[in-house]
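Please read the numbered points with the sequence and the model at hand.

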Amino acid sequence: MDVSLLERIVSILTVDKASPLQTKSAHTVSFPTAHFEKYKKENNPHDPDNRSFVYFMVGTAAVGYASIAKNMVVGLLTTMAPSADVLAVSTVEVDLSGISEGTSVTVKWRGRPLFIRHRPQADSARVVKPEWLVMVGVCTHLGCVPIGGSGDFGGWFCPCHGSHYDTSGRIRKGPAPLNLVVPPYKFIDDLRILVGSQD
Ligand code: FES
């Protein structure tokens, strides 16, 4: 065999053995393995203990627990709130216009009796000065003259039909429909009054 031909064959075989390695090397990709190094906690001089991450996780958990607790409290309060039908029977409206002075009525409220009494006129509304009481001495029933210092309430008693007035002249017992009438009057000075005028 010719020597030059033999050298060519050896050269070709040498190239064919090396070609797979060359192909593999051509498709190899190198990644930047040191790209995230600066984010490692040991490389972060401002937060070596990674506190920011710990605080974030603790804060997130606290917000979550607070939200759960709030929902539980709201649910509990909603359960405890009275329903509409319970609220409807918890209040009662009473018309006072039909209750005359000196009389009482009984109404039902939350399953219990409720006493409502139309009390006599306030004593302060019947006097100009608290120490002086001025009234017309005529029984409001049929016009008799009541007797002072007598009756069940120590005020005035009308013997005609048994009306009892208290010390402020307010009817407390008997057929008289109204308190003894307070006439118009005024004080001229500390110890004198003018009856029949309030001006
Ligand atoms: S007139 Fe006084 S009770 Fe009848």
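1. Leaving aside neighbours within four places in sequence, Ala-176 is in contact (heavy atoms within 4.5 Å) with Cys-139, Thr-140, His-141, Ser-163, Tyr-165 and Ile-171.

2. Basis of the note. This is a predicted model, in which local features need pLDDT of at least 70 and side-chain atom pairs count only at pLDDT 80 or more, while totals for chains, interfaces and linings use all residues. Residues are numbered from 1 along each chain as its sequence is written, and side-chain values use heavy atoms, with hydrogens and water left out.

3. Confidence. The pLDDT, the predictor's confidence in each residue from 0 to 100, averages 81 over the protein, and 74% of the residues score at least 70. Residues 18-24 fall below 50, and this stretch has zero contacts in the model beyond near neighbours in sequence. Where pLDDT is low, the predicted coordinates should not be read in detail.

4. Overall layout. The protein has three helices and eight strands; these are DSSP runs numbered from the N terminus, helices being H or I of at least four residues and strands E of at least two. Along the sequence they follow the pattern α-α-α-β-β-β-β-β-β-β-β. Of the contacts between residues at least 6 apart in sequence, 29% join residues at least 24 apart.

5. Surface. The accessible surface, computed by the Shrake-Rupley method with a 1.4 Å probe, comes to about 15600 Å², and 63% of it belongs to carbon and sulfur atoms. Buried residues make up 14% of the 199 residues; buried means under 20% relative accessible area, exposed over 50%, and partly exposed in between, with a 1.4 Å probe and protein chains only.

6. Strands β1 (residues 104-109) and β2 (residues 112-117) run antiparallel and are joined by six bridges; strands pair if DSSP finds at least two bridges between them. The bridge partner of Lys-108 in β2 is Pro-113. Arg-110, in the loop between β1 and β2, has a phi near 55 degrees, a positive value in a residue other than glycine. Most residues other than glycine have a negative phi.

7. The nonpolar core. Such a core is a set of buried Ala, Val, Leu, Ile, Met, Phe, Trp, Tyr and Cys residues joined through side-chain atoms within 4.5 Å. The largest one has six residues: Cys-139, Cys-158, Tyr-165, Ile-171, Ala-176 and Leu-180. Its cysteines are buried: Cys-139 has 5% relative accessibility, and Cys-158 has a relative accessible area of 2%.

8. The disulfide. Which cysteines form a disulfide? Cys-144 and Cys-160 do, with their sulfur atoms 1.9 Å apart; the criterion is a pair of cysteine sulfur atoms within 2.5 Å. The structure holds one disulfide, and the link is left-handed, with -105 degrees about the S-S bond. Cys-144 lies in the loop between β2 and β3 (147-148) and Cys-160 in the loop between β4 (154-158) and β5 (163-166), so the pair ties together parts that are 16 residues apart in sequence. Cys-144 is partly exposed at 22% relative accessibility, and Cys-160 is partly exposed at 36%.

9. Strand β8. Val-195 lies in strand β8 (residues 192-195) and is partly exposed, with a relative accessible area of 48%. Leaving aside neighbours within four places in sequence, Val-195 is in contact with Pro-183, Pro-184 and Tyr-185. Between Val-195 and Pro-183, twelve residues apart in sequence, the C-alpha to C-alpha distance is 7.1 Å.
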